[in-house]
Amino acid sequence: EDYRGQVIYGLCKILKKKKVPYFILENVKGLVNHDKGRTFKKIISELSALGYCVKSTVLDSSDFGVTQMRERVYIVE
């Protein structure tokens, strides 16, 4: 019942209403494995249902010249 788990639905409403042609979403790496991967699959499914061809990857900021190691998942259309 944590509202933070429902943010994707509000985001999908905005994407649909505004007819956003592309986007970049970023979150913690753990999202990929949350609830045995079901949460991430649901997010991808919701975005795909809107007609987006979604790609995702985990990147570490230290691979891009930043002194801090920070792994994040990026979801892109």
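How do the residues of the lining of the largest pocket divide into nonpolar, polar and charged? In this model, which is predicted, the lining comprises eight nonpolar, five polar and four charged residues. At least two lining residues come from each of helix 1 (7–18), strand 1 (24–28) and helix 2 (38–49), and helix 1 gives the largest share of the lining, namely four residues.

When residues up to four places away in sequence are set aside, Phe23 touches Leu15, Leu47, Tyr52, Ile75, Val76 and Glu77. With the ring centres required to lie within 6.5 Å, the count comes to one aromatic pair. This pair is formed by Phe23 and Tyr52 in an edge-to-face arrangement, with 4.9 Å from centre to centre and 85° between the planes. Because Phe23 sits in the loop between helix 1 and strand 1, and Tyr52 in the loop between helix 2 and strand 2 (55–60), the pair ties together parts that are 29 residues apart in sequence. Both Phe23 and Tyr52 are buried.

The loop between helix 2 and strand 2 also holds Leu50, which at 31% relative accessibility counts as partly exposed. Apart from residues up to four places away in sequence, Leu50 touches Cys12, Leu15 and Lys16. Leu15 is therefore a contact of Leu50 as well as of Phe23. Along the chain, Leu50 and Ser62 are 12 residues apart, and their C-alpha atoms are separated by 33 Å.

Further along, Ser61 lies in the loop between strand 2 and strand 3. Its relative accessible area is 19%, so Ser61 counts as buried, given that the cut-off for this class is under 20%. With residues up to four places away in sequence left out, the contacts of Ser61 are Val66, Gln68, Met69 and Arg70.

At the other end of the chain, Tyr3 belongs to the segment before helix 1 and, at 64% relative accessibility, counts as exposed. The C-alpha atoms of Tyr3 and Gly30 are separated by 18 Å, the two residues being 27 apart along the chain.

Most residues other than glycine have a negative phi. Lys19, although not a glycine, has a positive phi of about 55°; this residue is found in the loop between helix 1 and strand 1 and is exposed, with a relative accessible area of 69%. Lys36, likewise not a glycine, has a positive phi of about 60°. Lys36 lies in the loop between strand 1 and helix 2, and at 73% relative accessibility it counts as exposed.

How values were computed
Residues numbered from 1 in each chain as written. Predicted model: local features only at pLDDT ≥ 70, side-chain atom pairs only at ≥ 80, totals over all residues. Heavy atoms only, no water. Nonpolar A, V, L, I, M, F, W, Y, C, P; charged D, E, K, R; others polar. Contact = heavy atoms within 4.5 Å. Phe/Tyr/Trp six-rings, centres within 6.5 Å; stacked < 30°, edge-to-face > 60°. Buried < 20%, exposed > 50% of the residue type's maximum accessible area, 1.4 Å probe, protein only.
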